[in-house]
Amino acid sequence: MRQDLWVLHLDMDAFFASVEQRDNPRLRGRPVVVGGPPRSRGVVSTCSYEARAFGVRSAMPSREAHRLCPTAIFIPPNMQKYGAISRQIRAIMARYTDKIEPLSVDEAFLDVTGQDAIRVGRAIKQAIQDELHLTASVGVAYCKFLAKMASDWEKPNGFTVFTPERAQEILPGLTLRKLWGVGPATEAHLNKHGLQSCGDLLQADPDWLRKVLGRRGDELRLLAQGIDHRPVVTSHESKSIGTERTFQIDQGDPSVLRRLLGEYAEELAQDLAKQEMLCRTVTIKIKWNVFQSGGPKGGDFLAITRSQTLAQPTKDPAQIARAALDLLAKVEWEGRKVRLLGLSVGNFVHRGDQFQSYLSV
């Protein structure tokens with residue numbers, strides 16, 4: 001692993017809701033939900049921290065959000081406005097480095113190797129506050145995994161630095177869900193074998209761990225040690241391939257959706273093999289009708305995406321499907337039906353590009 005690498009992870013705080021509160025003073029300090037109307041089949045895209053205090057969270061059904069927080073103010077998303085502000089944030093980041101890997105409209109990795117990473121992180125955070133009147137949480141670390149975890153450490157408006165020394169102090173006590181690529185299904189599988197924390201993972205016999213998890217056993221051990229070899233991949237390198245299906249009749253059977261994701265994974269794995277590539281990131285896309293049945297024809301839809309970056313690049317359909325199913329398991333269904341389901345893979349590595357370096361310690 002490179003000893004000189006320094007990475008920032010910048011994550012805007014409750015981005016859509018914060019923009020709405022900024023632009024409308026009457027919303028400040030009040031619970032705001034951006035998403036479908038409260039009595040619709042819509043879902044929460046994001047919500048303010050005032051709403052989160054009541055248990056409201058992203059991807060929750062709007063009806064459930066309204067039940068938890070009857071005083072919440074529901075606002076339809078304005079993606080054009082959020083996209084314009086996202087470009088302003090990207091322009092601020094570009095003043096300090098051209099090595100930027102966007103993950104979504106409101107978060108990105110930045111490679112600031114060779115600079116004073118703490119100074120740069122604070123300068124970007126302050127510029128966003130001064131110029132856009134929004135807050136961001138920033139994590140600073142020597143690898144992507146820890147930088148992303150650091151940005152979430154003291155949200156909102158946080159700034160956390162994980163040095164190698166601090167990482168070794170905190171990692172053993174962390175739950176396994178904190179490890180990149182560990183979703184509900186993988187965590188349950190590990191718990192079944194008596195592994196609850198990163199410390200448990202490190203104390204487990206490596207050979208036994210490979211029998212339980214296969215190659216992922218080695219990958220997770222590296223993360224539990226704070227070792228992550230993935231570079232920051234700039235936007236012109238970060239492409240994706242994907243497939244999706246729009247249903248003629250909205251689909252509400254989770255088993256059908258799981259089966260489709262498995263088929264999608266097989267299809268994308270074949271594409272990766274043909275192009276001699278491996279992927280780092282798996283993304284699912286789901287679209288719902290914002291309104292109840294009988295709403296406007298061709299109606300208003302809310303699409304959400306959920307992504308997982310793998311500990312190691314792959315073209316294995318089983319690994320791609322497992323990541324997709326972990327992501328699907330995190331989505332709150334509550335009887336809602338899906339209009340569109342998609343799966344994509346990205347952040348590619350060509351098979352000839354020193355792939356083995358990801359496993360070197």
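Two strands are taken to pair if DSSP finds at least two bridges between them. Helices (H or I, at least four residues) and strands (E, at least two) are DSSP runs, numbered from the N terminus. The structure is a predicted model, in which local features need pLDDT of at least 70 and side-chain atom pairs count only at pLDDT 80 or more, while totals for chains, interfaces and linings use all residues. Residues are numbered from 1 along each chain as its sequence is written, and side-chain values use heavy atoms, with hydrogens and water left out.

**Stop 1: the five-stranded sheet**

Select strands E5, E6, E1, E7 and E8, which form an open sheet in that order, with mixed pairing. E5 and E8 (159–162) are at the edges, and each has a single partner strand, so one side of each is left without a neighbour in the sheet. On average, neighbouring strands of this sheet are turned by 15 degrees against each other, direction ignored. Axes here are lines fitted to C-alpha atoms, for helices over the stretch in contact, and angles run from 0 to 180 degrees between N-to-C directions.

Next, display E1 and E6, which pair in the antiparallel sense over five bridges. Leu8 stands opposite Leu110 in E6. In general, strands of a sheet pair through backbone hydrogen bonds, either parallel or antiparallel.

Stay in strand E6 and select Ala108. Ala108 is buried, at a relative accessible area of 2%; buried means under 20% relative accessible area, exposed over 50%, and partly exposed in between (1.4 Å probe, protein chains only). Contact means heavy atoms within 4.5 Å. With neighbours within four places in sequence left aside, the contacts of Ala108 include Leu8, His9, Leu10 and Met93. A C-alpha to C-alpha distance of 9.4 Å separates Ala108 from Met12, although the two are 96 residues apart in sequence.

**Stop 2: the loop between H6 and E8**

Pro156 lies in this loop. The peptide bond from Lys155 to Pro156 is cis, with omega near -5 degrees. Asn157 belongs to the loop between H6 and E8 as well; its phi is positive, about 60 degrees, although Asn157 is not a glycine. At 43% relative accessibility, Asn157 counts as partly exposed. As a general rule, most residues other than glycine have a negative phi, and most peptide bonds are trans.

Asn347 is buried, with a relative accessible area of 5%.

**Stop 3: helix H4**

Select residues 79–94, the 16 residues of H4; at 1.5 Å a residue they should span 22 Å, and the end C-alpha atoms are 22 Å apart, which agrees. The expected span is 1.5 Å times one less than the number of residues. Colour the buried residues of H4, namely Tyr82, Gly83, Ile85, Ser86, Ile89, Ile92 and Met93. Among the elements they pack against are strand E1 (7–12), helix H1 (15–23), strand E5 (100–104) and helix H5 (117–132).

**Stop 4: the three-stranded sheet**

Select E3, E2 and E4, an open sheet in that order with mixed pairing. Neighbouring strands of this sheet are turned by 30 degrees against each other on average, direction ignored. E2 and E3 run antiparallel and are joined by three bridges; the bridge partner of Val33 is Cys47 in E3. H1 lies across E2, E3 and E4, at about 120 degrees to E2.

**Stop 5**

Ser197 is in the loop between helix H8 (184–192) and helix H9 (198–203), and at 16% relative accessibility it counts as buried. A polar atom of the Ser197 side chain lies 3.3 Å from the backbone nitrogen of Gly199. A polar contact is a pair of N or O atoms within 3.5 Å; within protein, one must be able to donate a hydrogen and the other to accept it, and residues adjacent in sequence count only if both atoms are side-chain atoms.

Finally, select H10 (residues 206–213). Asp205 caps its N-terminal end, with a side-chain oxygen 3.1 Å from the backbone nitrogen of Asp207. Gly214, with a positive phi near 70 degrees, follows H10.
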